[in-house]
Amino acid sequence: MAAKLEKNGAGRLVPVDVNGRASVPYQGVGGYRPEGRKAAPRIASCVDYPADGDKRVGSLRQALEAVGLSDGMVVSTHHHLRNGDAIGNLIFDDAADMGVKDLMWFPSASFPVHANQIRHLDSGVIHHIEGSMNGPLGAYCSAGKMRGLGVLRSHGGRWQAIQDGEVHIDIAVIAAPTADFFGNANGVNGPAACGLLGFALADSVYAEKVIVVTDNLVPFPCLPWQIQGNNVDLVVEVDSIGDPTKIVSGTTRLTQSPDRRRIAQLAARFCAEAGIMRDGFSFQAGAGGTTLAFAMYLAELMRAEGVTARFARGGSTQHMVEMLEEGLIEVILDGQTFDLDGVRSMRDDPRHQDTSPFTSYNFHGKGNFASMVDVAVLGATEVDLEFNGNVVTHSDGRMLHGIGGWQNCLAARCSMLLVPSFRDRIPVIVDEVTTLCGPGELIDVVVTERGIAINPRRKDLLDAVDGSDLPIRPINDLKAELDRLCGVPAKPVRSDEPVAVVKWVDGTVIDTVWRVD
Amino acid sequence: MGGPEIKAASVGPEGVRVRSDLHIAFEPGPDALVLDLTSKVDYLYGEAIEAAVRRVTAAFGLTTGRLTVVDAGALEWVILARVETCLRRSGLAGPAVLPEVAPGAAAPRHRERLRRSRLYIPGNQPKLMISGGLYGADGIILDLEDSVPPAEKDGARILVRNALVALDWGGSERMVRINQGAAGEEDLAAIAGHNPHTVLVPKVEAAAQVGRAAEVLRGFCGDGAPFLMPILESPRGIHNAFEIAAADPSVVAVTIGLEDLSAELAAPRTTEGTESFLARQTTVYAARAAGVQPIASVFSDIEDEEGLAAYVRRERGLGFDGIGCIHPRQIPVVHREMTPSEAEVERAVRVVRAAREAEERGLGAVAVGSKMVDPPVVKQAFRTVNLAVAGGVLDAEWDSSEN
């Protein structure tokens, strides 16, 4: 069946109907301002809940039965347990045993451990997934095997979709490293400690039914409560919510690749020479090898020039925590915690604040932190001559990554893509991105090992580094060098069958992911 | 087809971890040539890869048999080199099949250039060569000797040749370390025509070895023959250091290899280097006496930046002009530590100014204040000023801006 398509504001063909719901095509940055009211779950009455606060039931299966899991429902999970998560799979194993069909899984992200869901997709237990898909699930969706369309949203876009009623969650299952019987929960304590639970916050507030699953039940009250029990229907105690060794790493490793380190160092020097790195500034850097190295080089320059950052946005890591403890950063605003030092710091240090996509990223809010950050460094699979960025597909169109906070972070005063100019002959700088995820008007600087390209729209940045000895080059010049080094790539043929859509931060559809054979 | 002894052959790394390289196997047979190509970049470069392979088979007149190529994103110059090596291994003969010439491949060489850092890159690892010119090393050494296993010498030789043609080495001196003996002469034959600036000759123990290399190179290149940098890495080499340094006008520098030397001395290499003190000092004396640059050995712990910095300070203190690097991370540390101190620069600038003034006025003697300055001091002052400019502590226009 051929999907009905139309051209959106970026000139991309997108489906007009996404999983039975009319979609809004992308209308440019800031072009779409919906009116109306936010969604909300039904009113609950406390008399329907145990007066002693004890909401425990014996098993996840019993909980799912008690909240009325049935065909066609939307079931959500969070990804703070990353590749160590045991609960995401357990839900659908139970659903299969219960004979339930056509569920929509709505994770804040999926990981290779969730390849288990493929059998539930095949058997009809899961109808489709809306959330990032990579590894085996990405390949499954890319091959056109999923019944519905995949919907890829940023972290901020997921909050927006829930809040705006685009996605109504029937049942949220929140794996909690520590909880009490009332449903108060946090991620800073317990054997599966992951730092925080911000990605589950919207689910807890907006879902019709909320189940907290924990392997570390503490007597009421569980402190701190990152998830409030007043939003929770049932609490389940299990032996283990996940494999701690795959939830956070013992240490985060800097990249050893000379090219990646060069990219990181050039980016840090750019921040210094462009005057971005000044007393009281702010930055965002994740846990990828290159961005971690960026933070390390930035710290060296800050130390040398006696500069302090007012706040850093993480993805926190040991390295960021060390900067906090050394006094180079005054506050960490943390969206997810990547290693044990991050967890410890969040638990013990009041300057290390947990955040959520609401505070950090939500486009349909009264502001968010992303646009207040002076510089954000990000990766990408491709960037084109108009500075448009792709972060979800490989150059052959296969789904590769989720969006994460990537789209949201582009709102920073200066957004920088730290990318190798090519990977194993595959150019990263291309004529046109395979999948449009971020519009070029929001991408300011592209840093490669062969030079730094500044978006011509940012005359201020071009002027700021004029006369420095940084290798500033027009992006076309970098592209010409790649054409010579790698050869001019052929244009891969794509199918005309959509398998997923990419949402922009405002809920509009910015591009389509097509089936790859 | 060439001769009767065409046999099966293969070259290149195999396995899922291979990046930017390829494996190729040839199986002779009576039927028309079949090319069996798999590549993880085939959707972008499938046709380009096939065209590159066929360029080599056509040059070698190969029309029968089967070629199996498993590509992991190799660049064209790598594909050409791997295919050429495979066909030569199978017993076929043909011309060198060269890639497109990079801008900068004809960069001129300079006898007196700075040689503070030289980065060794194994000659059989194309992935490490691709960005070699980006790190600002004074020299890049494409190594055909110790870093290449014996079975891969032929393949590395062709890879290095193609890398000299196809890659832009930026401002770095284009250097190649050849093998000892007959293999070394084969190396020279392969690379001589592709503008290597300087050839490192290993395990030199007598002036005649330098003379032989110079003669072979002049045979290929005439007066434009590359410079030579003999490596002293045995007690005998150290003993004959001056004769070696002065053996031929094409010698621009002499370097010392401490790993091999320590082994022959039967004294383990220590951080303090007491066992090699005389050898290092002898190398400096011999080089200076012959009017060439003394260059120190490598520092092999890439994680230990402080150790490297101390090592550079110590070797510079002995009179060495440069240090060997085995990882790009070491380059900025070497450059920083090779940069003269503020006091040294200040004094050198005074001497250089005085020398220029004396020259303008036609005076034979140079005086700073009331003190006369001897010619070697003037020469050293110029060297210090150059180092200061290269190290970024003195503006290149220092003379014009202050006058």
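User: Where does Val389(B) lie?

Analyst: In this predicted model, Val389(B) belongs to helix α14 of chain B, which covers residues 375–390.

User: What makes Val389(B) count as partly exposed?

Analyst: Val389(B) has 17 C-beta neighbours inside 10 Å. A buried residue needs 20 or more, and an exposed one has 12 or fewer. The value of 17 falls in between, so Val389(B) counts as partly exposed.

User: Which residues does Val389(B) touch, not counting those up to four places away in sequence?

Analyst: Val389(B) touches Leu394(B) and Ala396(B) on that basis. As for Val351(B), 38 residues apart from Val389(B) along the chain, the C-alpha atoms of the two are separated by 16 Å.

User: Why is Ser20(B) called buried?

Analyst: The cut-off for a buried residue is 20 or more C-beta neighbours within 10 Å. Ser20(B) has 20 such neighbours, and therefore counts as buried. This residue lies in a loop of chain B, between β1 (9–11) and β2 (22–32).

User: Which residues are in contact with Ser20(B), leaving aside its neighbours within four places in sequence?

Analyst: From chain A there are Asp424(A) and Arg425(A). From chain B there are Ala72(B), Gly73(B), Ala74(B), Leu75(B), Pro126(B), Lys127(B) and Ile130(B). Ala74(B) is 54 residues apart from Ser20(B) along the chain, yet their C-alpha atoms are separated by 4.0 Å.

User: How many residues of each chain are in contact between chain B and chain A?

Analyst: The contact involves 19 residues of chain B and 16 residues of chain A. On the side of chain B, helix α1 (residues 42–59) gives the most, with 5 residues. By class, that side has 11 nonpolar, 4 polar and 4 charged residues.

User: Why are α2(B) and α4(B) called roughly antiparallel?

Analyst: The axes of α2 (residues 76–89) and α4 (residues 153–166) of chain B cross at roughly 150 degrees and come within 9 Å. Angles over 145 degrees count as roughly antiparallel, and the two helices therefore take that name. Their crossing is right-handed.

User: Which residues of α2(B) and α4(B) meet?

Analyst: Among them are Trp77(B), Leu80(B) and Ala81(B) in α2(B), and Ile158(B), Leu159(B) and Ala163(B) in α4(B). The contact of α2(B) with α4(B) comprises 9 nonpolar, 3 polar and 4 charged residues.

User: What makes α9(A) and α10(A) roughly parallel?

Analyst: In chain A, the axes of α9 (residues 289–305) and α10 (residues 318–326) come within 10 Å and cross at roughly 20 degrees. Angles under 35 degrees count as roughly parallel, and the pair is therefore described so. The crossing of α9(A) and α10(A) is left-handed. Leu292(A), Ala295(A), Met296(A) and Ala299(A) of α9(A) make the contact with His319(A), Met320(A) and Met323(A) of α10(A). These residues divide into 6 nonpolar, 1 polar and no charged.

User: How do you know whether chain B is as compact as a globular protein of its length?

Analyst: Chain B has 15 helices and 14 strands. Its radius of gyration is 24 Å, close to the 22 Å that the globule rule gives for 403 residues, so chain B is as compact as a globular protein of that length. Along the principal axes, its C-alpha trace spans about 90 × 50 × 45 Å. Of the 403 residues in chain B, 47% are buried.

Methods: Residues numbered from 1 in each chain as written. Chains lettered and ligands numbered in written order. Predicted model: local features only at pLDDT ≥ 70, side-chain atom pairs only at ≥ 80, totals over all residues. Axes fitted to C-alpha atoms, helices over the stretch in contact; angles between N-to-C directions. Helix = DSSP H or I, 4+ residues; strand = E, 2+ residues; numbered from the N terminus. Parallel < 35°, antiparallel > 145°, perpendicular 65-115°, else oblique. Left-handed = near helix turned anticlockwise from the far one by under 90°. Contact = placed C-beta atoms within 7 Å. Nonpolar A, V, L, I, M, F, W, Y, C, P; charged D, E, K, R; others polar. Rg over C-alpha atoms; globule rule 2.2 N^0.38 Å.
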